[in-house]
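Student: Could you help me learn to read a protein model? I would like to go feature by feature.

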Amino acid sequence: MVKISDPNSKLIAENRRARFDYHIESDLEAGIMLQGSEVKSLRKGGSNIGDSYASVEGGELWLINGYIAPYTQSNHWDSHDERRRRKLLVSKRELARLWNSTAREGMTIVPIKMYFNERGIVKIKLGVAKGKKLADKRETSAKRDWDRQKARIMKESRRD
């Protein structure tokens with residue numbers, strides 16, 4: 001039986017650098033509060049979460065420095081600020097766990113990807129992570145290069 005992909009679910013933005021810069025311990029899904037023009041802009045694919053992070057402030061979770069391009073067809077009073085702070089929606093239990101891990105354990109909350117779920121609602125996948133040292137980054141890079149080289153060698157050996 002072939003699984004048909006849902007036309008509503010779509011990847012909007014991905015932070016590929018997060019897995020290189022951080023050891024991701026756990027992840028969770030959060031909702032995000034958006035304005036109408038922001039949702040329309042996301043449907044067109046204009047966003048970037050590469051430089052953003054999440055922070056627990058005042059008993060709420062916020063996405064800071066996430067970029068959503070302005071929607072060109074909107075009126076000037078209906079448009080939004082591209083890099084405004086956006087509130088993330090999680091349960092109180094998850095919020096307490098996130099606050100504990102960031103304040104006490106020195107972890108960072110990093111957005112991994114932003115997507116439309118199967119119901120067409122914007123969700124953001126967050127990772128609770130610890131920063132890598134320079135040596136760990138070199139090791140990750142060396143492993144990636146070796147895997148690439150190994151795949152190339154295997155591909156050449158199959159042709160022979």
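Tutor: Gladly; we will start with the whole chain and then turn to single elements and residues.

Tutor: This is a predicted model, so local features need pLDDT of at least 70, side-chain atom pairs count only at pLDDT 80 or more, and totals for chains, interfaces and linings use all residues. Residues are numbered from 1 along each chain as its sequence is written, and side-chain values use heavy atoms, with hydrogens and water left out.

Student: How many helices and strands are there in the chain?

Tutor: Helices (H or I, at least four residues) and strands (E, at least two) are DSSP runs, numbered from the N terminus. Here the chain has four helices and nine strands, and their order along the sequence is β-α-β-α-β-β-β-β-β-α-β-β-α. The radius of gyration of the chain is 19 Å, well over the 15 Å that the globule rule gives for 160 residues, so the chain is more spread out than a compact globule. That radius is taken over C-alpha atoms, and the globule rule is 2.2 Å times the number of residues to the power 0.38. Along the principal axes, the C-alpha atoms fill a box of roughly 65 × 40 × 35 Å.

Student: What share of the residues in the chain is buried?

Tutor: Buried means under 20% relative accessible area, exposed over 50%, and partly exposed in between (1.4 Å probe, protein chains only). Of the 160 residues in the chain, 33% are buried.

Student: Which residues of helix 3 are buried?

Tutor: First, the general idea: an α-helix has 3.6 residues a turn, so residues three or four places apart point the same way. In helix 3, the buried residues include L95, L98 and S101. They cover an arc of only 130° around the axis, which puts them on the same side of helix 3; the arc is that of the directions from the helix axis to the C-beta atoms. The face turned away from that buried side carries the exposed residues K92 and R93. Among the elements that cover the buried residues of helix 3 are strand 2 (22-32) and strand 9 (122-131).

Student: Which residues touch the most other members of the largest nonpolar core?

Tutor: In soluble globular proteins, nonpolar side chains tend to be buried together. A nonpolar core is a set of buried Ala, Val, Leu, Ile, Met, Phe, Trp, Tyr and Cys residues joined through side-chain atoms within 4.5 Å. The largest one here has 23 residues, and L61, L88, M114 and L126 touch the most other members. Strand 9 gives the most to this core, with four residues. Contact means heavy atoms within 4.5 Å, and the contacts of L126 beyond four places in sequence include L28, A54, L61 and L88.

Student: Is K87 buried, partly exposed or exposed, and which side chain does a polar contact join to K87?

Tutor: K87 sits in strand 7 (residues 86-89) and is partly exposed, with a relative accessible area of 25%. A polar contact is a pair of N or O atoms within 3.5 Å; within protein, one must be able to donate a hydrogen and the other to accept it, and residues adjacent in sequence count only if both atoms are side-chain atoms. Here the side chains of K87 and E60 are joined by a polar contact of 3.1 Å.

Student: Where does K132 lie?

Tutor: K132 is in the loop between strand 9 and helix 4 (134-159). With a relative accessible area of 14%, K132 is buried. Not counting residues up to four places away in sequence, K132 touches R19, F20, D21, Y22, H23, K137 and T140.
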